[in-house]
Amino acid sequence: MKKRLHYSRLISLVVVMVLFINMKGNHLFAQVTPEDKAILLELYNATNGDSWTNNTNWGSTEPVSTWYGVTVLGDKIVEIDLNQNNLDGIIPVNLGQLTFLEYLKLDTNNISGNIPVELGNLAALQQLYLGGNQLNGSI
């Protein structure tokens, strides 16, 4: 009887762990603020997102963590990696409000105009890739 109870608890624990790993893998815990989501949509619209090479889930009701090129940690956007993705337009100034952003990779696209000085507000930024575009100015 004790042995059977032990196996039952063990199986229950394994089931809970599998469900947790599966939910985490599906990014069910990764929701961002409506303001941060709006900033991403501004980037999408300002760079002709409908024509991107890969725009999977952008603008959908799917969690932002499933949007192509976006990495979310907890509820914070920490990376935008859209290099070589046919972005065509300008960088919106509000991108500088994503204060937890660590990596911004927009290189090798067709982005033009001035580099928004607001990108200087990205205090957590570790890597910024903007080369291969037609940008002017400095941060």
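# Briefing: helix α2 and the strands of a predicted chain

Among the elements that cover the buried residues of helix α2 are β1 and β2; cover here is judged by contact, meaning heavy atoms within 4.5 Å. The model is predicted, so local features need pLDDT of at least 70 and side-chain atom pairs count only at pLDDT 80 or more, while totals for chains, interfaces and linings use all residues. Residues are numbered from 1 along each chain as its sequence is written, and side-chain values use heavy atoms, with hydrogens and water left out.

**The chain as a whole**

- The chain has two helices and seven strands, where helices (H or I, at least four residues) and strands (E, at least two) are DSSP runs numbered from the N terminus.
- Starting at the N terminus, the order of elements is α-α-β-β-β-β-β-β-β.
- Of its 139 residues, 32% are buried; buried means under 20% relative accessible area, exposed over 50%, and partly exposed in between, with a 1.4 Å probe and protein chains only.
- Among contacts between residues at least 6 apart in sequence, 50% join residues at least 24 apart.

**Helix α2**

- Helix α2 covers residues 34–46, and its 13 residues should span 18 Å at 1.5 Å a residue, which agrees with the 18 Å between its end C-alpha atoms; the expected span is 1.5 Å times one less than the number of residues.
- Its buried residues are Asp36, Ile39, Leu40, Leu43 and Tyr44.
- Just after α2, Asn48 has a positive phi of about 55°.

- Strands β1 (residues 70–73) and β2 (residues 76–81) run antiparallel and are joined by four bridges; two strands pair if DSSP finds at least two bridges between them.
- Thr71 is opposite Glu79 in β2, and the bridge partner of Glu79 in β4 is Tyr103.
- The hairpin of β1 and β2 has two residues between the strands, and Gly74 takes a positive phi near 65° there.
- β2 also pairs with β4 (residues 103–105) in the parallel sense, over three bridges.

**The sheet of β3, β5 and β7**

- These three strands form an open sheet in the order β3-β5-β7, with parallel pairing.
- Its edge strands, β3 (88–89) and β7 (134–136), each pair on one side only.
- Two bridges join β3 to β5 (residues 110–114), and Asp88 stands opposite Asn110 in β5.
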